[in-house]
Amino acid sequence: MMVLLSTLSLLLLLYVVAATSTFSATNTEYIKIPLVLHKTPHHHHRHHQSTLKSPVISGASSGSGEYLISLELGSPPQPLLLVADTGSDLIWVKCSACHNCSLHPPGSAFLARHSSSFSPHHCFQPTCRHLVPHPHHNPCNHTNLHSPCRYQYSYADGSLTAGFFSKETITFNTTSGHQLQLQGFHFGCGFTSITGSETFNAAHGVMGLGRGPISFSSQLGRRFGNKFSYCLMDYTLSPPPTSFLLIGSEQNDVVPTNQNMSFTPLLINPLSPTFYYIGIKNVYVAGVKLRIDPSVWSIDEIGNGGTVVDSGTTLTQFVEPAYREILTAFKRRVKLPSPDESIPGFDLCVNTSGVLRPSYPRLSLELVGTKTVFSPPQRNYFIETSEQVECLAIQPVELGSGFSVIGNLMQQGYLLEFDRDRSRFGFSRHGCALP
């Protein structure tokens, strides 16, 4: 969904490196970072098991707080870094239509004219008319062969991309040194991008992993299976560790069955079909159940409410009534002094000077399901905002005008699985250290 502060079975295991941030019937295959390809004959439209290899680079040095995935696009392949975003659908990259591209620094944009496989969709094609949002002024001459499909896509933080909806070839390296190419991959070739953050100083665009038909996970899921998983490693570690994204149904050939995985149903909001909704039943702080009306977590008749899991949003957000109960519970139990000055954007901050390892009450979310409790470590919800100052990394959302969000900071250190075929979301504190 891309909300930033100032400041991721063909089994596609894509290595993902944590960056500090403030802000989408047939055989199966895998992709993994590191990706390993086991080529076998295939039938129909899906490949057999393959594991592909792709490097992932941190955006921390450029001030980005997102998790970035490498994608090789075009013929010959051009390497690009994209923000991994489960809260949006479109895959788009910064594009340049330059003929003489000597003025463009290497790797600053996708050079469409340098790719022999680049092809914009025609504006009159069903792919264009039904799959992407268009700008208000969108002339289309369906008798003109050179009338491209124009798109305009916006995000919750006000960021925007506009350009030509196109198709290309994507390339993945395998650990055996081979390459796998997928043709006819749909993406946005963005000639305009507007953002108020530093994210796109490090990234070339966004890899939408949402539930819509044009997302990265949907396009590959149709070939390899509608399940993906990833780990987001602790952004404070140096050097930043690598983690992975997996796409495909038969992941147990690469990742052993995790007996410690907990599952909760993936819910559907017909008015917001992109998002991965989960159900929260209760919230506990220090083992005490908070008095939060269950209706606070419900999706209402106009599509507001509910809780989504979003790798493109950094801080977790809860609707106002729930947030106030959580904030009050922490304020009662946290005994450290307040900092000399308030920290903008945070309602609870403490001065940790003289405290070697600050300890905070445990936050636990009881989810829909049998004994399904998400209980993250305290570093997932208390962060250092300045020297010797730590703050509760949760923000409020007005009830009736939005939804709650489990952001990427709260997801750190978990193996997370989005199984669309079984309509379930899984999580485990085990499995993130796999090679």
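UniProt annotations may be inferred rather than shown by experiment, and their positions follow the numbering used here. Keep that in mind as we walk through this structure, which is a predicted model.

Let's start with the annotated spot. Which residues does the UniProt annotation "active site" cover? In this unreviewed entry, the annotation covers D85 and D310. These residues span 226 residues in sequence, yet no two of their C-alpha atoms are more than 6.7 Å apart, so they gather at one spot. When you turn the model on your screen, try to find both of them together.

Now take each residue in turn. D85 belongs to strand β5, which covers residues 78–85. Is D85 buried or exposed? A residue counts as buried when its relative accessible area is under 20%. D85 has a relative accessibility of 0%, so D85 is buried. D310 sits in a loop, between β19 (307–309) and β20 (316–319). With a relative accessible area of 1%, D310 is buried too. The side chain of D310 also has a partner: a polar contact of 2.7 Å links it to the side chain of T313.

Next, let's look at a strand, β28, made up of residues 415–419. Why can we call β28 largely enclosed by the rest of the structure? The reason is that 5 of its 5 residues are buried. You can check this face by face: L415, E417 and D419 lie on one side, L416 and F418 lie on the other, and all are buried.

What does β28 pair with? One partner is strand β13 (residues 227–231), which runs antiparallel to β28 over 5 bridges. Another is strand β29 (residues 424–428), also antiparallel and joined to β28 by 5 bridges. E417 is a handy residue for seeing both pairings: it is the bridge partner of S229, and in β29 its own bridge partner is G426. Strands β28 and β29 form a hairpin with 4 residues between them, and there S423 takes a positive phi near 50°.

Finally, visit helix α3, residues 216–224. How many of its residues are buried? The count is 7 of 9, and the helix is mostly covered. The buried ones are F216, S217, S218, Q219, L220, G221 and F224. Just after the helix comes G225, which takes a positive phi of about 120°.

Technical notes:
Residues are numbered from 1 along each chain as its sequence is written. This is a predicted model: local features need pLDDT of at least 70, side-chain atom pairs count only at pLDDT 80 or more; totals for chains, interfaces and linings use all residues. Side-chain values use heavy atoms; hydrogens and water are left out. Buried means under 20% relative accessible area, exposed over 50%, partly exposed in between (1.4 Å probe, protein chains only). Helices (H or I, at least four residues) and strands (E, at least two) are DSSP runs, numbered from the N terminus. Two strands pair if DSSP finds at least two bridges between them. A polar contact is a pair of N or O atoms within 3.5 Å; within protein, one must be able to donate a hydrogen and the other to accept it, and residues adjacent in sequence count only if both atoms are side-chain atoms.
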